[in-house]
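Visitor: I have a structure open and would like to go through it with you. Can we take it piece by piece?

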Amino acid sequence: MQTQKLVIGDADVVSRCRAVTKPGVYSILPRANRVMHTLPALRNAQAQVLAAPPLSSYHVAHELLLEPGGGSAQPITEELEQFLYVLEGGVDLKVDDRDHHLVEGGYCWLPPGRTYGLLNQGVTTSRLFWLRRRYQPQAGIPVPESIIANEREVVSQPEDTYLEQHLIPYENPGFDMGCNLLTFDPGVYFGFVESHVMEHALYMLAGRGVYWLNGDFVEVQKDDFIYMAAYCPQFVYATGWDRLRYLVYKDVNRDYDSNL
């Protein structure tokens, strides 16, 4: 009797998996390797956990997929500050009883204690990057007001070898986090290898590149998520024919003395 070979599609599962997790250093999480789960506060929605303790020290990051009619089951009030960015589609955002419509590239930063709601009234699934962390108040510095805007409204400025947009104006010391958009032309790379105390949550928006992370060369592309722990040496160069663009979070403007 001839034995039939079990074939799962035509994929070589092991060699084609690009996910890498090195706790305390970095992780790469492509869309193909993510697992869906549900969140009690949302209906007709699924979430992919991108980073959370113990992998990351200071934040929780999700990709949210809101189906048509999906969103918050009721108004949400959280103790955490949060950042939302529309990757695809659109979402209606209600903040303190004021209505806003965010399309691709739209975003918001909400301070702790703000009441908000989300609703996808479109006919296709909307994708959002969602990051939350505990705000660190600073004596004598007021907590900033909410930001609701679109990346098109934010000026691009030359920085090292690339263009950078500060979606959160962390030049204001009231902010303890930054979320920037970085754009690299093909063939362009960082001017030096960075190694610093700030951790990163990075979402690839367009293009392809090669990241050097703590001695490892890793190919990255659109829709990949990258987590970098504090002091992980990092360097990137853009490959392919299109611009490389990514959204990156970092902690800023605070001392690191909470555990002293």
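Predicted model: local features only at pLDDT ≥ 70, side-chain atom pairs only at ≥ 80, totals over all residues.

Visitor: Let's start with β8, then. Which strand does β8 join through six bridges?

Guide: Strand β8, covering residues 90-95, is joined by six bridges to strand β9, residues 98-103, and the two run antiparallel. Within that pairing, L93 stands opposite H100 of β9.

Visitor: And how many residues lie between β8 and β9?

Guide: There are two residues between them, which makes β8 and β9 a hairpin, and D96 in its turn has a positive phi of about 50 degrees.

Visitor: What about β11, how does it pair with β8?

Guide: Strand β11, residues 115-119, pairs with β8 in the antiparallel sense over four bridges, and there V95 has Y116 of β11 as its bridge partner.

Visitor: Changing topic: which residues touch the most other members in the largest nonpolar core?

Guide: That core has 30 residues, and those touching the most other members are F83, Y85, F129, F225 and L247. If residues up to four places away in sequence are left out, F83 touches Y107, C108, F129, W130, L131, L167, I168, M177, C179 and L247. There is also a second, separate core of 21 residues, with F184, F190, V218 and Y246 among them.

Visitor: One last thing, the open sheet of three strands: what is its order?

Guide: The order is β19-β18-β21, with antiparallel pairing. Strands β19 (216-221) and β21 (234-239) stand at the edges with a single partner strand each, so one side of each is left without a neighbour in the sheet. On average, neighbouring strands of this sheet are turned by 25 degrees against each other, direction ignored.

Visitor: How many bridges join β18 to β21?

Guide: Six bridges join strand β18, residues 208-213, to β21, and these strands run antiparallel. As one of the residue pairs, L213 has Q234 in β21 as its bridge partner.

Technical notes: Residues numbered from 1 in each chain as written. Heavy atoms only, no water. Pairing = 2+ DSSP bridges. Core = buried A, V, L, I, M, F, W, Y, C linked by side-chain atoms within 4.5 Å. Buried < 20%, exposed > 50% of the residue type's maximum accessible area, 1.4 Å probe, protein only. Contact = heavy atoms within 4.5 Å. Axes fitted to C-alpha atoms, helices over the stretch in contact; angles between N-to-C directions.
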